[in-house]
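Colleague: Could you walk me through a few spots in this model? I would like to go from strands to helices.

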Amino acid sequence: DDTKAREWYDKAIDLFNLIGTRYELAVCRYLAAASGLYNKSERTAMLYMAREYFEAEEVAPYIAKVEAQLSQQPPSPAKVDRSSDGCPTIITVNEEMKKLLDLAEHVAQSEMTVFLTGETGTGKDLLARYIHFCSGRKGEFVTVNAAAIPNPMIEAELFGHTKGAFTSADKDRKGLIEQADKGTFYLNEIADATPEFQAKLLEVLETRQVRRLGANTSRKVNFRLIAATNHDLKARMHDGHFRVDLYHRLNEIPLTLPPLSARTKDIPLLVEYFLTDGGSKPNGDGDALERLSAALRLQDFPGNIRELQARVGHLAMVSRGNMDRMIELAQQSESERDRLLHVLESCDWNRTRAARMLGVNEATIRRHIIKYDLAQPAID
């Protein structure tokens, strides 16, 4: 029957995705979309993902087949107005990023789970908000760090509670998943989720229901899940630290963001945006911005766009907005102290993330913070 056939397509897609056979995966997505077993938004999503591979590999026969299927689909939503209020700002002239944004726009209206991967600082949070914007969902965009919720608090945080469910529960409270009803539930750092968190999340994905602590009945929730990580989730899964069944639930629409090193043509645009957004209008001669960008393009940014933004902000602050001075500083080799400072700034002084970005252990970061007498700015 149709239900069984769809299950077999889903299993085949999961298998080809898991073992990394991209051609077979693209063909399977095309066949699944052409089968008529999926709804319009799911078919469109799978066809666009299949077309992305066939075009990259120039598989002409299948490009034609995908285009024929797409021509039979109802009209796609109008092109997203990226200048409209509320639309996240994503700046790029990079062809890979343009294709990624186009794919994101077309899969946004499906109910399928989006799984974002990419190095730290590549813009996963921003792309998640962009997908929510393109989805047309009227509910909230709820962000959760999977690593930040301790095990004893998982049920109360995710599902909420009723008044009197425990000592301090003085009123009914929605959980984070219920807050995302008719909206998007964005789950960051999913690779660091505890086994208990993974089990609770899988249960909700299977039932689409939550039950508040202390309640006798469950509530249906209609949310779109977007998960993200900068770790190799397949490796975590093979090591037994991540559930295989949850991985398959998350990996329905995988999108990988390229590192800044693959987007060097975007650096001048990003630098100009960061300066303007930070209140520093580029001054100096006509090519000052170009010279500043050229100096920055010669540097490594393991923290990617987030680190570039922190670097530009640091240069603007130290030079007091003088472009000539910024260029001079950017052309100099960074001291170990300055590099550590702007990496810490780029990750909001999270020592663990700073250690990952610099390829050292956390103890080294803490030792150098003391060595260079660095202090996190006070928050008003």
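Here are some questions and answers on this structure.

Modeller: Happy to, and please keep in mind that this is a predicted model, in which local features need pLDDT of at least 70, side-chain atom pairs count only at pLDDT 80 or more, and totals for chains, interfaces and linings use all residues. Residues are numbered from 1 along each chain as its sequence is written, and side-chain values use heavy atoms, with hydrogens and water left out.

Colleague: Which edge strands does the open sheet have?

Modeller: The sheet has five strands in the order β2-β5-β8-β1-β9, with parallel pairing. Strands are DSSP runs of E with at least two residues and helices are runs of H or I with at least four, numbered from the N terminus; two strands pair if DSSP finds at least two bridges between them. Each edge strand pairs on one side only, and these are β2 (141-145) and β9 (253-256).

Colleague: Is H161 buried or exposed?

Modeller: H161 lies in strand β3 (residues 160-161). Buried means under 20% relative accessible area, exposed over 50% and partly exposed in between, using a 1.4 Å probe and protein chains only. The relative accessible area of H161 is 8%, so this residue is buried.

Colleague: Which backbone oxygen does the H161 side chain reach?

Modeller: Contact here means heavy atoms within 4.5 Å, and beyond four places in sequence H161 touches F166, A169, K171, D172, R173, R212 and L213. At 3.4 Å, the H161 side chain reaches the backbone oxygen of K171.

Colleague: On to V271: how far is V271 from L292 in space, C-alpha to C-alpha?

Modeller: V271 sits in helix α12 (residues 267-277) and counts as buried at 0% relative accessibility. V271 and L292 are 21 residues apart in sequence, and their C-alpha distance is 8.4 Å.

Colleague: Finally, how are α17 and α18 oriented to each other?

Modeller: Helix α17 (residues 351-358) packs against helix α18 (residues 362-371) at about 105 degrees, with axes 8 Å apart. Axes are lines fitted to C-alpha atoms, for helices over the stretch in contact, and angles run from 0 to 180 degrees between N-to-C directions. Angles under 35 degrees count as roughly parallel, over 145 as roughly antiparallel, 65 to 115 as roughly perpendicular and the rest as oblique. The two helices α17 and α18 are therefore roughly perpendicular.

Methods: A polar contact is a pair of N or O atoms within 3.5 Å; within protein, one must be able to donate a hydrogen and the other to accept it, and residues adjacent in sequence count only if both atoms are side-chain atoms.
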